[in-house]
Amino acid sequence: KELYEQVYVSRVVEMAVNSAAAPPKNKPARTALPCKDFSEFKEALQQMRTIDDGIIYKLNNSVPTASFADQVDSHKQCKELYEQLQDIYKLRTRAIQNCISETSQSVLALKERRDADRAGSTNIVKELRKEQTKLRSMEIERGVESIIRERSLKVYSERCWKSYRPPDNAQ
């Protein structure tokens, strides 16, 4: 029974660490967010945030209790999890910023079209308002991202501070 528990614990840890790094086989890794439709943007961002949603589970499996401390390399597990967190944070930040830039350009172009349109087309005004709302929503998501990052890193620090200390220039 003890051997079974050791094998089970090591596989669960391996799965938890690997699930954050590798996408499922039937889904390609997402490196960019869809910027045209905000609901698609939001859904893709939620998928990218799964590592943060499962941080407590991953930490519970990465940092063993005293009884399992000699069976799991918590330094290695914590370091790998930290590196995965940093990688996904960079990826999400870059993707959000790209969508904000793309939408900002769209807003500017629509403003120019509106100013150039002497007839005062309501379609351009509607489209402009829609893009401005999408831009504000994306900027809110950028703020949400920093809150999620802060919360996850706080939980990470509480559990891994004995096992692995990230470099001072990180975070």
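Is Lys-154 buried or exposed? Lys-154 counts as exposed, since its relative accessibility is 55%; the cut-offs are under 20% relative accessible area for buried, over 50% for exposed and in between for partly exposed (1.4 Å probe, protein chains only). This is a predicted model, where local features need pLDDT of at least 70 and side-chain atom pairs count only at pLDDT 80 or more, while totals for chains, interfaces and linings use all residues. Residues are numbered from 1 along each chain as its sequence is written, and side-chain values use heavy atoms, with hydrogens and water left out.

**Overall make-up**

- The protein has 6 helices and 0 strands, with helices (H or I, at least four residues) and strands (E, at least two) taken as DSSP runs numbered from the N terminus.
- Reading from the N terminus, the order of elements is α-α-α-α-α-α.
- Of the 171 residues in the protein, 34% are buried.
- Take the contacts (heavy atoms within 4.5 Å) with a separation of 6 or more: 77% of them are between residues 24 or more positions apart.

- Two packed helices are described by the angle between their axes and the distance between the axes.
- Helix α2 (residues 38-48) and helix α6 (residues 122-160) have axes that come within 11 Å and cross at roughly 10 degrees; axes here are lines fitted to C-alpha atoms, for helices over the stretch in contact, and angles run from 0 to 180 degrees between N-to-C directions.
- That angle makes α2 roughly parallel to α6, given that angles under 35 degrees count as roughly parallel, over 145 as roughly antiparallel, 65 to 115 as roughly perpendicular and the rest as oblique.
- On the α2 side the contact is made by Phe-38, Phe-41, Lys-42 and Leu-45, and on the α6 side by Lys-134, Ser-137, Met-138 and Glu-141.
- Sorted by class, the α2 contact with α6 has 4 nonpolar, 1 polar and 3 charged residues (nonpolar: Ala, Val, Leu, Ile, Met, Phe, Trp, Tyr, Cys and Pro; charged: Asp, Glu, Lys and Arg; polar: the others, Gly among them).
- The axes of α5 and α6 come within 9 Å and cross at roughly 165 degrees, which makes α5 roughly antiparallel to α6.
- In the contact of α5 with α6 there are 19 nonpolar, 8 polar and 13 charged residues.

**Salt bridges**

- Side chains of opposite charge can pair when their charged atoms come close.
- The structure holds 10 salt bridges, each being a side-chain nitrogen of Lys or Arg within 4 Å of a carboxyl oxygen of Asp or Glu.
- One of them joins Glu-141 to Arg-49, with the closest N and O atoms 2.9 Å apart.
- Glu-141 sits in helix α6 and Arg-49 in the loop between α2 and α3 (50-53), so this pair ties together parts that are 92 residues apart in sequence.
- Within helix α5 (residues 74-116), Lys-76 and Glu-80 are 4 residues apart, about one turn of the helix, and form a salt bridge whose closest N and O atoms are 4.0 Å apart.
- Lys-76 is partly exposed at 43% relative accessibility, and Glu-80 is partly exposed too, with a relative accessible area of 26%.
- Back to Lys-154: its side chain meets that of Glu-158 in a salt bridge (3.8 Å, N to O).
- Lys-154 and Glu-158 both lie in helix α6, 4 residues apart, about one turn of the helix.
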